[in-house]
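Hi,

Here is the structure I promised to pass on.

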Amino acid sequence: MNKLKIGVIGCGNWGKNIVHNLLELNVLYKVYDANKVSLQNLPISDSYKSQKIEDIIENETIDAVVICTPPITHKDLALRTLKNHKHVYIEKPFCLSLEEADEIIATAKDSKKIVFIGHLLNYHNGFIGLKNEIKNNQIGNIVHIKANRMHFGVIRKFESVIYDLACHDISMILGITNDLPINVSVNALFKNSTHIPDSINAILKFKHNLTAMINVDWMSPYKEHRFSVLGSKGSLIFDDTKDWKEKLCINHSLINDNLNVIKGDSKFIDLKAEQPLKKELVNFLDCINKNIQPLTNHEEGLRVQKVMKMIEDHI
């Protein structure tokens, strides 16, 4: 791997994890945050800290920029980065509208630079294992997908629970269906705002009678991060709150044509315990070095953006 130089914009709750991993990968070059306290408290050498955003975006030494700032800033920062001939990693959500996505994509094509979207769970061994089981026909034809992502806070002010939480599950669902839904129905709950939903239930209908249900909630008193796929021969359950040895389970129980429940065996699937964020960042670096498109590139980001817009339009 060539020695790349990566700049990071934003070192808050998640950004500091990215900084830590890039430092371990020996590619961190500079970090900037508009919040000077966050930057000052970052436990790294001051030599990495920049007081001006231009020191990252306009620095010709830097190969790529990681944007880990509030989503309302993503478009402008991504455009500035791409116009300065740098690859860009954008933490989820990609952006806040299809118009913004189209503008970023057009600029990326002009600059011939990679846009990598931080849809983290695509790089999680639990989800990778789940997709491998489906590919190997372990549960037959897919009938229904269910995604629950619930926890207590953080309540966002500028983007809804759709953009904050559901983007993860939409990305995973589309990674399985390889198609956009043809119809969407949505229920939403507004508790802390009149225009930003705090909880949604969305049903996505695809071709061939395939359905998916998404439940996301940032006011839940309990934490649940569970993604299940029901097939004609059994089910797969990916539960990211479990220990690694219990994160992915296959259950061969099924419902037959007479609507009878046929009990089957259940077992956990062995997974390699790896930090998904580090895997994701290594993939980003690898794509730059090899000049190849990532799994979660601008096109994947656009598909997720389209579904988020569909959900938003049906509230």
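How many nonpolar, polar and charged residues are in the lining of the largest pocket? The count by class is 18 nonpolar, 15 polar and 11 charged.

Before the rest, a word on the source. This is a predicted model, where local features need pLDDT of at least 70 and side-chain atom pairs count only at pLDDT 80 or more, while totals for chains, interfaces and linings use all residues. Residues are numbered from 1 along each chain as its sequence is written, and side-chain values use heavy atoms, with hydrogens and water left out.

The overall picture

The protein chain has nine helices and 15 strands. These are DSSP runs numbered from the N terminus, with helices being H or I of at least four residues and strands E of at least two. The radius of gyration is 20 Å, close to the 20 Å that the globule rule gives for 315 residues, so the chain is as compact as a globular protein of that length. (The radius is taken over C-alpha atoms, and the rule is 2.2 Å times the number of residues to the power 0.38.) Along its principal axes, the C-alpha trace spans about 65 × 45 × 40 Å.

Of the 315 residues, 51% count as buried; buried means under 20% relative accessible area, exposed over 50%, and partly exposed in between, with a 1.4 Å probe and protein chains only. Val-19 in helix α1 (residues 15-24) is one of the buried ones, at 1% relative accessible area. Val-19 and Ile-255 are 236 residues apart in sequence and 47 Å apart in space, C-alpha to C-alpha.

The pockets

Rolling a probe the size of a water molecule over the atoms shows where empty space is left. A pocket here is an open set of points on a 1 Å grid over the protein atoms alone, where a 1.4 Å probe fits, with protein on both sides within 12 Å along at least five of seven lines; lining residues have an atom within 4 Å of a point. Grid points are joined across faces, edges and corners, and a volume is the space filled by probe spheres set on the points.

The largest pocket has a volume of about 1,400 Å³. Of its 44 lining residues, Asn-13, Trp-14, Lys-92, Arg-156 and Asp-164 are the closest to the centre. At least two lining residues come from each of α4 (74-83), β6 (142-152), α7 (161-177) and β10 (219-231), and α7 supplies the largest share, three residues.

The second largest pocket comes out at about 180 Å³. Its lining includes Asn-122, Lys-131, Ser-171, Leu-174 and Arg-303. Here too α7 gives the most, with three residues, and both α7 and α9 (298-313) supply at least two. By class, this lining has three nonpolar, four polar and four charged residues.

Most residues other than glycine have a negative phi, and most peptide bonds are trans. Where are the exceptions?

- The peptide bond from Lys-92 to Pro-93 is cis, with omega near -10°; Pro-93 is in the loop between β4 (87-91) and α5 (98-111).
- The bond from Gly-153 to Val-154 is also cis, with omega near 0°, and Val-154 sits in the loop between β6 and α7.
- His-85, in the loop between α4 and β4, has a positive phi of about 65° and is exposed at 57% relative accessibility.
- Lys-112, in the loop between α5 and β5 (115-118), has a positive phi of about 60° and is exposed at 70%.

Rings of Phe, Tyr and Trp (its six-membered ring) pair if their centres lie within 6.5 Å; planes under 30 degrees apart count as stacked, over 60 as edge-to-face and the rest as tilted. Phe-127 and Phe-227 have ring centres 5.8 Å apart and planes at 90°, so that pair is edge-to-face. Phe-127 lies in helix α6 (residues 125-135) and Phe-227 in strand β10, so the pair ties together parts that are 100 residues apart in sequence. Phe-127 and Phe-227 are both buried.

Tyr-89, Phe-116, Tyr-123 and Phe-284 form one aromatic cluster. Lys-247 lies over the face of Trp-244, at 5.3 Å from the ring centre (the cut-offs are NZ of Lys or CZ of Arg within 6 Å of the ring centre and within 35 degrees of the ring normal).

Cheers

How values were computed. Ala, Val, Leu, Ile, Met, Phe, Trp, Tyr, Cys and Pro count as nonpolar, Asp, Glu, Lys and Arg as charged, and the others, Gly among them, as polar.
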